[in-house]
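Okay everyone, thanks for coming.

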Amino acid sequence: MNTTDDTHCAALLARIDALTEAGQLRRLSGAFARFIASLGHGSPPLMLACVLLSELEGRGHSCLLLSELAGDPRALLGWSEEDWSALRTSAGPLPKSVAAWNAMLYQCDQVWPVQDLDFQQPLVLDGERLYLRRYWRDETTVARAVRERAAAPRLVDVGRVRHWLDTLFHHAPREGGPDWQKIACAAALRSNLGIITGGPGTGKTYTVARLLALLFATAGGASGADLGSSAGGVRIALAAPTGKAAARLKQSIDNALEELAGRVPELRLPELAARMGAARTLHSLLGARPDTRSFVHHRGNPLDVDVLIVDEASMVHLEMMAALLDALPPNARLILLGDKDQLASVEAGAVLGDLCHDAQAGGYSAATVDYIRAATGQEIPPGFQGAAGPLAQQTVMLRESRRFGGPIGQLALAVNAGDAAAARAALASDSGGKLSWIDPAQQQDVLQLALAGYQDYLRMIARAGAGADIGGEEHDAWVLQVLRSFEAFRILCAVREGEWGVTGLNEAIEQRLEAAGLLRKRGEWYVGRPVMVTRNDYGTGVFNGDIGLTLPDPARAGSLRVYFSEGASIRSVLATRLRQVETAFAMTVHKSQGSEFAHTVVALPREGGAVLARELVYTGITRAKEHFTLCTPSAAVLDSAIAQRTQRASGLRTLISE
Ligand SMILES: Nc1ncnc2c1ncn2[C@@H]1O[C@H](COP(=O)(O)OP(=O)(O)OP(=O)(O)O)[C@@H](O)[C@H]1O
């Protein structure tokens, strides 16, 4: 290192440390930059790039675009001009263009330019993207698998498909236009990948249940009548990122198949539903092992399935999607269901959003248009035709919501479209009690809502003497009732810290409920405490995101258990065995994905930085089944959140199209 570099390195490190102390940088970022520098020549620009890469990783980005590095990464990082310019200046002269950054990084011993020999360097330079090796590997795994699956054709007997689709879909779409649900089924049959995206209530599960029936009906070479034997070989697995979403998927598919069964008795759908088994979390499906990131199932020990349906795919992060695709046999069909407009996963990647890039526009090729016409009788309108790639041909967006109309649906649409004026108008309109907007709201307002929203389940517990005297099956039924009552209401926050954050609100809500005599707090654990699991725990069988309620253990006087609902059944764990949990009167919008509540309250803070974005507001609204309340400290907070889009740097789309 020359002396100028030495001076700039020292200045940069001092600046990194100062920003870390001020809470502006993760400790990991400085440590990572130092580690990379220790592996070779640690030039200040390389160290600066490492700090940015690490910060971006913490915000869910899978790579650092050199264009951001050469331009202005502040928007991505939510940094002030002051912090960024202090960091940039301390690093000394920096490459001025993308090409100059590329050339500089190309020369670094710690960087593997993908066109060169691989020496297992920790950083990877792929075109104009800099990666941590792990994310590059995951993105290339996903891109390759998606490309291959989407492009590999499967033989389809269009005549039979047409017959069964006409039988299975007996309702015409209400809003005119083609029946995208039918189209989604036919498209999914054509290769080993099908993606069905759409907002809440657009019929993703309704459609996939019919797709399953269609797969059974067309599994053999014969007519539906001999289906029992031909379908016997089709092994179907249902999965979702969380236990709750998995249980909901199974329940919805069972309901849809039951509803269909009477109309197509020859398909023996109840038998098929029974054979499908329970839906599982992705962790459990892949065989997660304690203390390791690797799974029991992988390319060398693939999953034993022919069809895998994954719901709530927007919550699946890059690493999980890579593991899933790696473990799926090449000939198995993968069907992804999800809402592309929802918040991306907490961890790095925005996989469903990236995969659904063309979903809104369609971009269906002439071959797809012809195939869809033959297999479904549906005409894809010219506005949705085009020349998008193989993945787009396998992706269908459902556009008509059956359940989510009315004022809440209107509000969600306005927010999704970035139309703040329409969103305000919807909130201010007479919505027949469906929408409420408290603005400007104080914390007291949120506490008042909590009191009204949580008193029912707490009173239910008090009335039954906390259920301690109810035994056996009766106890299970009572617990389920209490859990359902608790699930009817929830407060969602955008942030964790502060008066409007999860931690501050949970404490304040506990105090308010205690003051109202609805709960008696005795230390950490108390009767009625709702908790969310924050880490997978294989010993107790609870997983990150699971929500349970604390109630007395009927079998052991004085001890408390936490009860979790799994569809129509319950599971419980001794409270003292749960180590990684937090109180869950208020939870983040992120963690609420995959759940719905009759009444959902979203509390937006005054300051939320990059977190306060359109996707967050949309996701919060779409959690509400019957009533949505928005609390904002000022209307401007709503406007700016709607104007801000969540961006995630990723190379997935580029890699898929290569
Ligand atoms: N084509 C249709 N004809 C009649 N009813 C339909 C149709 N499509 C969907 N539905 C009904 O609309 C409701 C919502 O459908 P579904 O649950 O499949 O939506 P979803 O997109 O999976 O919702 P979510 O995002 O909440 O998971 C269900 O009651 C379903 O039976």
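Let's start with a question: how do the axes of helix α20 and helix α21 cross, and within what distance do they come? They cross at roughly 160 degrees and come within 8 Å.

Before I go on, some housekeeping. This is a predicted model, where local features need pLDDT of at least 70 and side-chain atom pairs count only at pLDDT 80 or more, while totals for chains, interfaces and linings use all residues. Residues are numbered from 1 along each chain as its sequence is written. Helices (H or I, at least four residues) and strands (E, at least two) are DSSP runs, numbered from the N terminus. Axes are lines fitted to C-alpha atoms, for helices over the stretch in contact, and angles run from 0 to 180 degrees between N-to-C directions.

Back to our pair. Helix α20 covers residues 406-416 and helix α21 covers residues 420-428. The two are therefore roughly antiparallel to each other; that label goes to angles over 145, with under 35 roughly parallel, 65 to 115 roughly perpendicular and the rest oblique. From α20, P407, Q410, L411, A414 and V415 meet A422, A423, A426 and L427 of α21. Contact here puts the C-beta atoms, placed from the backbone, within 7 Å. Sort those residues and you get 8 nonpolar, 1 polar and no charged. For the sorting, Ala, Val, Leu, Ile, Met, Phe, Trp, Tyr, Cys and Pro count as nonpolar, Asp, Glu, Lys and Arg as charged, and the others, Gly among them, as polar.

Now another helix pair. Helix α8 (residues 133-151) packs on helix α16 (residues 318-327) at about 50 degrees, and their axes are 9 Å apart. That angle makes α8 oblique to α16. On the α8 side the contact has Y135, D138, E139, T141, V142 and A145, and on the α16 side L318, E319, M321, A322, L325 and D326.

On to the sheets. Pairing takes at least two bridges found by DSSP between two strands.

Strand β15 (residues 560-566) is joined to β16 by 6 bridges, and F564 has R571 in β16 as its bridge partner.

There's a ligand too. Which residues are closest to it? G203, K204, T205, Y206 and R402, out of 13 that surround it; being near takes a C-beta atom, placed from the backbone, within 6 Å. Helix α11 (residues 204-217) gives the largest share of that shell, 3 residues. By type, the shell has 2 nonpolar, 8 polar and 3 charged residues.

Most residues other than glycine have a negative phi, and most peptide bonds are trans. Q120, though, has a positive phi of about 60 degrees, in the loop between β2 (111-113) and β3 (123-126). And the bond from D439 to P440 is cis, with omega near -5 degrees; P440 sits in the loop between β11 (435-438) and α22 (443-463).

Note on methods: Two residues are in contact if their C-beta atoms, placed from the backbone, lie within 7 Å.
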